[in-house]
Each structure stands twice: as structure tokens, then as C-alpha cells.
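Trainee: Hi! Could you walk me through this one? I'm new to it.

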Amino acid sequence: MRFKYSTTDPSQDEFDSLPRLPLVLQLGSQSVEVVELVDSGSTVNVLPYEVGLRLGASWDDHKANIRLAGTLGNLNAMPLFVTAQVGQFAPVRLAFAWVKSNEVPLVLGQTNFFIEFDVCFYRSQLEFEVKPKSG
């Protein structure tokens, strides 16, 4: 499936466009539609606090043992496993660093979005392609 790069603000132009993927996250009987940044430079998938709460997850400071790097390095994060549905593809289990902050973007990174899906970026066309992993 091919997707268009997009912006988060109508005042932005195509140079501000990034690969953002619409998907449905599910935890138990709760589901949430989100749009996440597909970031090949991110080591982990990142989930803001509010989205985890909307999925019905419970924060546990004792499980907040994920060390993030870069601009997120000072934030607490705990592992959260959810089911993700991309388009008509079969659902997959994704591992997130659930961050106790709403000031972080939803990010799909190497662990484990890029393990479950093959992604090709066509920046000159402002498009990207996502398909289930090969093999």
C-alpha cells in the first residue's frame, strides 16, 4: 500500500510533509485510530501517554524501565504491547515505549515496526510504501 506524505498543520507546505501512517491500535476491547510518524531513524516505537490511556492501559512506575535517547532521554517509558492494523493487512503485535508525556509524537521505529513491515520511501514523490514483511 502506498501512502502520501502529510503535514500536521494546514499552514505547512510540502517541504514540511513527513511519512505519517494511519492505523488502528487495539488493546483488549479498546481501539484507537491514530496517525503515526514512520521513522527509520528511531530505534523504538513511541506512544504518548494519552493514547495508552485511551487504549485502557494502566501506568506502572515499577515497569517504567525503558531508557530513551535524544530529546526523549529525560522521560519515563514502559513497555506496552498492542495489536496494530494497517489497512487491510493482517494485524500485528507491536511493542511500544509508552511515555508518560503527551509532548511526544507517535512514532513507528525499528523495534518493531520495521521488523514487521517492509517500507520504501519515495520522498521525491511525497509517498511511501508499506507492506508486510517478506518471507
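Mentor: One term before we start: helices here are DSSP runs of H or I with at least four residues, strands are runs of E with at least two, and both are numbered from the N terminus. Keep in mind that this is a predicted model.
Trainee: Thanks! How many helices and strands does the protein chain have?
Mentor: The chain has two helices and nine strands. Going along the sequence, they come in the pattern β-β-β-β-α-β-β-β-α-β-β.
Trainee: And what is the radius of gyration of the chain?
Mentor: Its radius of gyration is 15 Å, close to the 14 Å from the globule rule for 135 residues, so the chain is as compact as a globular protein of that length. Along the principal axes, the C-alpha atoms fill a box of roughly 45 × 35 × 25 Å.
Trainee: What share of the residues is buried?
Mentor: Of the 135 residues, 40% count as buried.
Trainee: Which residues touch the most other members in the largest nonpolar core?
Mentor: That core has 32 residues, and L21, L25, L47, F113 and V130 touch the most other members. Several elements supply at least two residues each, among them β2 (20-27), β3 (30-38) and α2 (113-116). There is also a second, separate core of eight residues, which includes V46, L72, A97 and V104.
Trainee: Now a loop: where does V86 lie?
Mentor: V86 lies in the loop between β5 and β6.
Trainee: Is V86 buried or exposed?
Mentor: V86 is buried, because its relative accessibility is 1% and the cut-off for buried is under 20%. Not counting residues up to four places away in sequence, V86 touches F3, L21, L23, F117 and V130. Two of those, L21 and V130, came up in our talk about the largest core.
Trainee: Last topic, charges. How many positive and negative side chains are there?
Mentor: There are 11 positive and 15 negative side chains, with the centres of the two sets 6 Å apart. As for the surface, the accessible area is about 7,700 Å², and 49% of it belongs to carbon and sulfur atoms.

Notes
Residues are numbered from 1 along each chain as its sequence is written. This is a predicted model: local features need pLDDT of at least 70, side-chain atom pairs count only at pLDDT 80 or more; totals for chains, interfaces and linings use all residues. Side-chain values use heavy atoms; hydrogens and water are left out. A nonpolar core is a set of buried Ala, Val, Leu, Ile, Met, Phe, Trp, Tyr and Cys residues joined through side-chain atoms within 4.5 Å. Buried means under 20% relative accessible area, exposed over 50%, partly exposed in between (1.4 Å probe, protein chains only). The radius of gyration is taken over C-alpha atoms; the globule rule is 2.2 Å times the number of residues to the power 0.38. Accessible areas come from the Shrake-Rupley method with a 1.4 Å probe; for residues, only the protein chains shown count as cover. Lys and Arg count as positive and Asp and Glu as negative; His and the chain ends are not counted. The place of a charge is taken as NZ of Lys, CZ of Arg, CG of Asp or CD of Glu. Contact means heavy atoms within 4.5 Å.
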